[in-house]
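Here is a friendly tour of one protein chain, taken a few features at a time. Please keep the 3D view open and turn it as you read.

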Amino acid sequence: MHIYAATLKRKIMDYIVNHWGMLLGGAFLGFFVGMLTALFGAGGGFIVTPALNIFLGLNMNLAVGTSAFQVMGASSFSLYHRLDKRFMGIRVALFTGIGIPVGAYLGVFLVQMMKSQGQWQFGGKTIDPVNVILLSIFAVFLLLIGGWLLFDNFYLRRHHDGDDSDHVGMLKRFAIAPLLKFRTIPAGDFSVPVLVGLGLFTGFLSGLLGIGGGVIMMPMLFYMVGQETKYATQTSTMLVLLSGAFSSIFHAIDHNINYTLAIVLIIGAFFGTKLGSIIHDKISAKSIRKYFAFVVLAAWLLVIFKLIKIVFVSP
C-alpha cells in the first residue's frame with residue numbers, strides 16, 4: 001500500500017512538472033469564469049470552450065466536454081454563494097429544465113457525427129472540420145447575443161434607469177396551455193410548454209458547444225420570458241448547473257473530458273464565484289446587462305481570431 005501511494009504521488013508530481021503551464025492557465029481561467037458565473041448567471045462555457053482550444057491547445061471536441069464539466073462545478077459554487085432563501089426562480093428553472101436532457105443528448109450526438117467526418121482541404125492546408133464548424137457556430141451565436149445586448153441597453157433602453165420590472169416578455173403572447181403564475185414573472189401567467197421548449201434549446205447548445213446555456217439563458221429569461229434581471233441570473237445559474245451536468249455525463253461516455261484540467265478549472269472557479277457574488281450584490285441590474293454584452297463580444301473576438309488562424313494562417 002505504501003509503495004502504491006509513493007508511486008501515485010510521484011506520477012502526480014511528474015504530471016504537474018510537465019504540465020505546469022496548462023494547469024496554471026486553467027486555474028486562472030477557472031477563477032475568471034467563476035466570477036462571471038456568479039455575476040451574470042452564465043456558466044462561462046462560452047469563454048472556457050474557445051479559450052481551452054485557443055490558449056491551451058485542446059481539440060474542440062475535448063474542449064467542449066471539459067468545458068461542460070467545468071460549467072457544472074462553477075455553477076454549483078455560484079448557487080451555494082448566491083441562492084435566494086426564498087428560492088426565487090426555482091419553478092421557472094424546474095419547468096425549463098424538463099427539456100434540457102433531450103436537448104443535451106441531441107447536441108452531443110451532433111458533435112459525434114461531426115467527429116466521424118474526414119479532414120477538409122483548403123488552400124493546401126488540412127483542416128479539422130469539427131474545429132471549424134463549432135467555432136463558426138460560436139462566432140455567429142456570440143455576435144447575435146452581444147450585438148442585441150448592446151443595441152438594447154445603449155439605444156432602446158438608454159433612458160431607463162431601473163430593471164423594468166413591469167416589462168413583458170416577447171413569448172408572453174404564446175399562451176399555450178397549461179399556464180401558471182410565477183413569482184419572478186411580473187407580467188402574469190406564462191406557458192409551461194414554452195419554458196420546456198426553451199430548455200430543449202438550451203440543452204442542445206450545451207451539448208453542442210460545451211456551454212451551460214447561461215450566455216443565452218440570462219438574456220432569454222429577461223427579454224423573452226419577462227423575468228427581472230436579478231432573478232433571471234439566479235434562474236439561469238440553476239439551469240446552467242442542470243445542463244452542464246447532463247452534458248458532462250454524455251461527454252464522459254464519449255471520452256471528451258480532460259478530467260485533470262477540468263478539476264483545476266473548478267478549483268479556480270470556487271474562488272472566482274466568491275468575488276463574483278460580492279460584485280453582483282453591489283451593481284445595478286442595468287449594469288449587469290451592459291457588462292455582460294462586452295464580455296460576450298470579447299469572447300466573439302477570440303473565436304474570430306482562432307478561425308482566421310485555422311483557415312488562413314499557415315501552421
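The report below goes from the backbone to the open spaces and then to the aromatic rings.

## Before you start

Please bear in mind that this is a predicted model. The values that follow are computed from that model.

## Two spots on the backbone

Let us begin with the peptide bond between A177 and P178, which is cis, with omega at about 0 degrees. To find P178, look in the loop that runs between α7 (129-156) and β3 (179-180).

Another backbone feature is at H255, a residue other than glycine whose phi is positive, near 60 degrees. H255 belongs to the loop between α10 (229-253) and α11 (259-280).

Is H255 buried or exposed? Its relative accessibility is 68%, and exposed means over 50%, so H255 counts as exposed.

Now look at H251, which is part of helix α10. With a relative accessibility of 0%, H251 counts as buried, because buried means under 20%. Which residues does H251 touch, leaving aside those up to four places away in sequence? They are V64, G65, A68, V108, G207, N256 and I257.

## The largest pocket

What is the volume of the largest pocket? It comes to about 230 Å³. Around this pocket you will find F141, L144, I145, W148, L149, M170, F201, I216, P219, M220, Y223 and M224.

Two helices, α7 and α9 (214-225), each give at least two residues to the lining of the largest pocket. Sorted by class, that lining has twelve nonpolar residues, with no polar and no charged ones.

## A cavity

The model has one cavity of 30 Å³ or more. The largest cavity holds about 50 Å³ of space, and its lining is made up of F87, G89, I90, R91, V92, F182, R183 and T184. By class, the lining of the largest cavity splits into four nonpolar, two polar and two charged residues.

## Rings that pair up

How many aromatic pairs does the structure hold? There are ten. In one of them, the ring centres of W148 and F151 are 5.9 Å apart and the planes meet at 45 degrees, so this pair is tilted. Both W148 and F151 are in helix α7, three residues apart, which is about one turn of the helix. W148 counts as partly exposed at 33% relative accessibility, and F151 is also partly exposed, at 39%.

Next, consider F154 and F294: their ring centres are 5.9 Å apart and their planes stand at 70 degrees, so the pair is edge-to-face. Because F154 lies in helix α7 and F294 in helix α12 (residues 285-312), this pair ties together parts that are 140 residues apart in sequence. F154 is partly exposed, with a relative accessible area of 41%, while F294 is partly exposed at 46%.

## A cluster and a charge

Ring pairs also join W148, F151, F222 and Y223 into a cluster.

To finish, return to the ring of F154: what sits over it? The charged end of K290 does, 4.9 Å from the centre of the ring.

Technical notes. Residues numbered from 1 in each chain as written. Predicted model: local features only at pLDDT ≥ 70, side-chain atom pairs only at ≥ 80, totals over all residues. Heavy atoms only, no water. Helix = DSSP H or I, 4+ residues; strand = E, 2+ residues; numbered from the N terminus. Buried < 20%, exposed > 50% of the residue type's maximum accessible area, 1.4 Å probe, protein only. Contact = heavy atoms within 4.5 Å. 1 Å grid on protein atoms, 1.4 Å probe; cavity = no way out; pocket = protein on both sides within 12 Å on 5 of 7 lines; lining within 4 Å. Points joined across faces, edges and corners; volume = space filled by probe spheres on them. Nonpolar A, V, L, I, M, F, W, Y, C, P; charged D, E, K, R; others polar. Phe/Tyr/Trp six-rings, centres within 6.5 Å; stacked < 30°, edge-to-face > 60°. Lys NZ or Arg CZ within 6 Å of the ring centre and 35° of its normal.
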